[in-house]
Amino acid sequence: EQRVTGLMIFILMGLSVFMTSVLKFIPMPVLYGVFLYMGVSSLKGIQLFDRIKLFGMPAKHQPDLIYLRYVPLWKVHIFTVIQLTCLVLLWVIKVSAAAVVFPMMVLALVFVRKLMDLCFTKRELSWLDDLMPESKKKKEDDKKKKEKEEAERMLQDDD
């Protein structure tokens, strides 16, 4: 864990306010390229993006994602379609003349989430909601499996 890197990033971001006279010489396409690169590189750990990639991926090439261990693929696809539909709907409302009701539509997402309880079990939703990062979930799941296997092996040895 490096705290210095994060600290330096935030210090330089703060100092950029005072460096506007120098920053104005940087061409806009360069800045757009930097921001595009940062945006694309940040997509790697986002579960929604990973689930979107699963639509066009054959089963044998799918990565070992923790939610794929516990939730059927077709339910993962339904969850992803619901999320994408809500995202597109929010974006359309935001850019239209109906943008005034945008906060109410964000509130409506709470009810959409409650309606998902009818389609999915609580266990499936807990795996798909991604409250904990994928790597942590996978490590904990692998640890539990290993402990279970060791306990079974000890029981067999005792017999």
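In the predicted model, helices α4 and α6 are oblique to each other. Their axes cross at roughly 120° and come within 10 Å, α4 spanning residues 47-54 and α6 residues 73-95. The crossing of α4 past α6 is left-handed. On the α4 side, the contact is formed by L48, R51, I52 and L54, and these meet L73, V76, H77, F79, T80, Q83 and L84 of α6. Sorted by class, the residues of this contact comprise 7 nonpolar, 3 polar and 1 charged.

Helix α4 also holds a charged pair within its own length. K53 and D50 both belong to this helix and are separated by 3 residues, or about one turn. A salt bridge links K53 to D50, with 4.0 Å between the closest N and O atoms. Side chains of opposite charge can pair when their charged atoms come close. The count of salt bridges comes to 7.

From α6, the contact draws on K75, F79, I82, C86, L89, L90, I93 and K94, while α7 supplies F102, M105, V106, L109, V112, M116 and C119. The class composition of the α6 and α7 contact is 13 nonpolar and 2 charged residues, with no polar residues. F79 of α6 is listed in the contact with α4 and also in that with α7.

With regard to the chain as a whole, two domains are assigned, domain 1 covering residues 1-44 and domain 2 covering residues 46-133. The centres of domain 1 and domain 2, taken over C-alpha atoms, lie 30 Å apart.

Key. Residues are numbered from 1 along each chain as its sequence is written. This is a predicted model: local features need pLDDT of at least 70, side-chain atom pairs count only at pLDDT 80 or more; totals for chains, interfaces and linings use all residues. Side-chain values use heavy atoms; hydrogens and water are left out. Domain bounds come from an automatic or database domain assignment. Axes are lines fitted to C-alpha atoms, for helices over the stretch in contact, and angles run from 0 to 180 degrees between N-to-C directions. Helices (H or I, at least four residues) and strands (E, at least two) are DSSP runs, numbered from the N terminus. Angles under 35 degrees count as roughly parallel, over 145 as roughly antiparallel, 65 to 115 as roughly perpendicular and the rest as oblique. A crossing is left-handed if the near helix is turned anticlockwise from the far one by less than a right angle, and right-handed if clockwise. Contact means heavy atoms within 4.5 Å. Ala, Val, Leu, Ile, Met, Phe, Trp, Tyr, Cys and Pro count as nonpolar, Asp, Glu, Lys and Arg as charged, and the others, Gly among them, as polar. A salt bridge is a side-chain nitrogen of Lys or Arg within 4 Å of a carboxyl oxygen of Asp or Glu.
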